Amino acid sequence: MYQYMSVQNKLRAIALRMEGYSYSEIMNQLPVSKSTLSGWLKHIQLTSQQEDLLRQKITARSTLGRAHAATTNRRKRAEREAMVLKRARDVFDLQQNDPFFCFGISMYWAEGGKKSSMFQFMNSDPRIIKLMIRWIETYMNASKEKDLFFRLYIHDAYAHENREEFWAKYLDISMGRFKKTIYKPTSHLVKRGPEYMGCMRIEAYNINFFYMVREWQNMLANKLSMR
């Protein structure tokens, strides 16, 4: 009986292969391993039409798989964003009367990045940068040595003065958190002054930071508009 079933499966496998079925499609219909199937079908020569049909099926499955994966990724991304926004609203409800909390939102609103979906804040005042770091750590449950990166923008006249060391010491951050400094060309022959340290940009690659601060901005605007 087993031998009879094996022969029947082999004949069925050959017939399906001749119709342009792939190994995976045949295995979905027959209780047979891939190694056994390979042995049965290794001498089967497909016509050009059958090969075209097989390629079309493979392409269709691949396209369907990519579409399914894209749909799944969009759904998961939407779910993650919804969770982040809920957390942002919870924090706002708790901290909305805290002046420091509202200060940070307002500062980011004025000086924060607006052209990309990434948390970026830039200012030339070291005190403002230090306050914004403390604000991020306080309300976003972040760490400046784990979640934040820093990039200095300064005129090329200061290229050899190592202003990065000043910022690292003042902000109490390791040099390893600094990205490559951007030197801006200038036509001025006279430096702006010894107190000028360039502009420091705070960067956070975790997109949740951007989602949170954007939601806080919307909630603060709504709160103020109702007064």
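Helix 6 runs from residue 126 to residue 139. That is 14 residues, and at 1.5 Å a residue they should span 20 Å. The end C-alpha atoms sit 20 Å apart, so expectation and model agree. Keep in mind that this is a predicted model.

Now the start of helix 6. A side-chain oxygen of Asp-125 comes to within 2.9 Å of the backbone nitrogen of Arg-127.

Which residues of helix 6 are buried? Pro-126, Ile-128, Ile-129 and Met-132 are. Ile-133, Trp-135, Ile-136 and Tyr-139 are buried as well.

Next, what follows helix 6. Asn-141 comes after the helix, and its phi is positive, near 55°. Most residues other than glycine have a negative phi. Asn-141 lies in the loop that links helix 6 to strand 2, residues 149-155. Is Asn-141 buried or exposed? Exposed, with a relative accessible area of 66%.

There is another asparagine to look at. Asn-162 has a phi near 50°, again a positive value in a residue other than glycine. Asn-162 is in the loop between strand 2 and helix 7, residues 163-171. Asn-162 is partly exposed, with a relative accessible area of 36%.

Last, helix 3, residues 34-41. Leu-37, Trp-40 and Leu-41 are buried there. Where do they sit around the axis? They cover an arc of only 80°, which puts them on the same side of helix 3. The general rule is that an α-helix has 3.6 residues a turn, so residues three or four places apart point the same way.

Methods: Residues are numbered from 1 along each chain as its sequence is written. This is a predicted model: local features need pLDDT of at least 70, side-chain atom pairs count only at pLDDT 80 or more; totals for chains, interfaces and linings use all residues. Side-chain values use heavy atoms; hydrogens and water are left out. Buried means under 20% relative accessible area, exposed over 50%, partly exposed in between (1.4 Å probe, protein chains only). Helices (H or I, at least four residues) and strands (E, at least two) are DSSP runs, numbered from the N terminus. The arc is that of the directions from the helix axis to the C-beta atoms. The expected span of a helix is 1.5 Å times one less than its number of residues. A polar contact is a pair of N or O atoms within 3.5 Å; within protein, one must be able to donate a hydrogen and the other to accept it, and residues adjacent in sequence count only if both atoms are side-chain atoms.
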